[in-house]
Amino acid sequence: MVDREERCAEPFCCFCESKDVTLIAPFGTAQLVRQYYCNACKSVFEFVRWQEEHPDES
Ligand SMILES: [Zn+2]
């Protein structure tokens, strides 16, 4: 069950697509990425938050 009250740019694991993730660093290797830890597959991944920087205007 997905909580639709969350932001539309909800981070998810790029390996297993799980949303059971924990933010471990507000900034990754670049300013537009955040580092997350996936509780499902125990992997660290970076989630690009480009959705916030480039709102769809068209
Ligand atoms: Zn995962």
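## Contact range and burial

In this predicted model, contacts in the protein chain with a separation of 6 or more include a share of 26% between residues 24 or more positions apart. Burial is also expressed as a share: 5% of the 58 residues of the protein chain count as buried.

## Confidence

The mean pLDDT of the protein chain is 78, and 66% of its residues reach 70 or more. Which elements mark the lowest and the highest mean pLDDT? The lowest value, 55, belongs to helix 1 (residues 50-53), whereas strand 1 has the highest, 92.

A caution applies to the reading of such models: where pLDDT is low, the predicted coordinates should not be read in detail.

One helix and three strands make up the elements of the protein chain. Their order from the N terminus on is β-β-β-α.

The three strands form an open sheet in the order 1-2-3, with antiparallel pairing. Strand 1 and strand 3 (44-48) are the edge strands, each of which pairs on one side only. From one strand to the next, the twist averages 45 degrees. As a general point, strands of a sheet pair through backbone hydrogen bonds, either parallel or antiparallel.

## Pairing of strand 1 with strand 2

Strand 1 pairs with strand 2 (residues 33-38) in the antiparallel sense, over four bridges. Which residue of strand 2 is the bridge partner of Leu 23? The partner is Tyr 36. Ala 25 has Gln 35 in strand 2 as its bridge partner, and Val 21 stands opposite Cys 38 in strand 2.

Arg 34 is also part of strand 2. Its C-alpha atom is separated by 8.0 Å from that of Ile 24, ten residues apart along the chain. Arg 34 is partly exposed because 18 other C-beta atoms lie within 10 Å; that count falls between the limit of 12 or fewer for an exposed residue and the limit of 20 or more for a buried one.

## Pairing of strand 2 with strand 3

The pairing of strand 2 with strand 3 is likewise described as antiparallel, here over five bridges.

Strand 2 and strand 3 form a hairpin with five residues between the strands. Within this hairpin, Lys 42 takes a positive phi near 60 degrees, and Lys 42 is a residue other than glycine. Is Lys 42 buried or exposed? Lys 42 counts as exposed because it has 9 C-beta neighbours inside 10 Å, and a count of 12 or fewer places a residue in that class.

## The loop between strand 1 and strand 2

Ala 30 is found in the loop between strand 1 and strand 2. Why does Ala 30 count as exposed? Ala 30 is exposed because 9 other C-beta atoms lie within 10 Å. The C-alpha atoms of Ala 30 and Glu 46 are separated by 9.7 Å, and the two residues are 16 residues apart along the chain.

Gln 31 lies in the loop between strand 1 and strand 2. Gln 31 counts as exposed, with 10 C-beta neighbours inside 10 Å. How far apart in space are Gln 31 and Arg 49, C-alpha to C-alpha? The distance is 9.2 Å, for a sequence separation of 18 residues.

## The segment before strand 1

Glu 17 lies in the segment before strand 1. The phi angle of Glu 17 is near 65 degrees, which is a positive value in a residue other than glycine. With 10 C-beta neighbours inside 10 Å, Glu 17 counts as exposed.

Terms used. Residues are numbered from 1 along each chain as its sequence is written. This is a predicted model: local features need pLDDT of at least 70, side-chain atom pairs count only at pLDDT 80 or more; totals for chains, interfaces and linings use all residues. Two strands pair if DSSP finds at least two bridges between them. Helices (H or I, at least four residues) and strands (E, at least two) are DSSP runs, numbered from the N terminus. Axes are lines fitted to C-alpha atoms, for helices over the stretch in contact, and angles run from 0 to 180 degrees between N-to-C directions. Two residues are in contact if their C-beta atoms, placed from the backbone, lie within 7 Å. pLDDT is the predictor's confidence in each residue, from 0 to 100.
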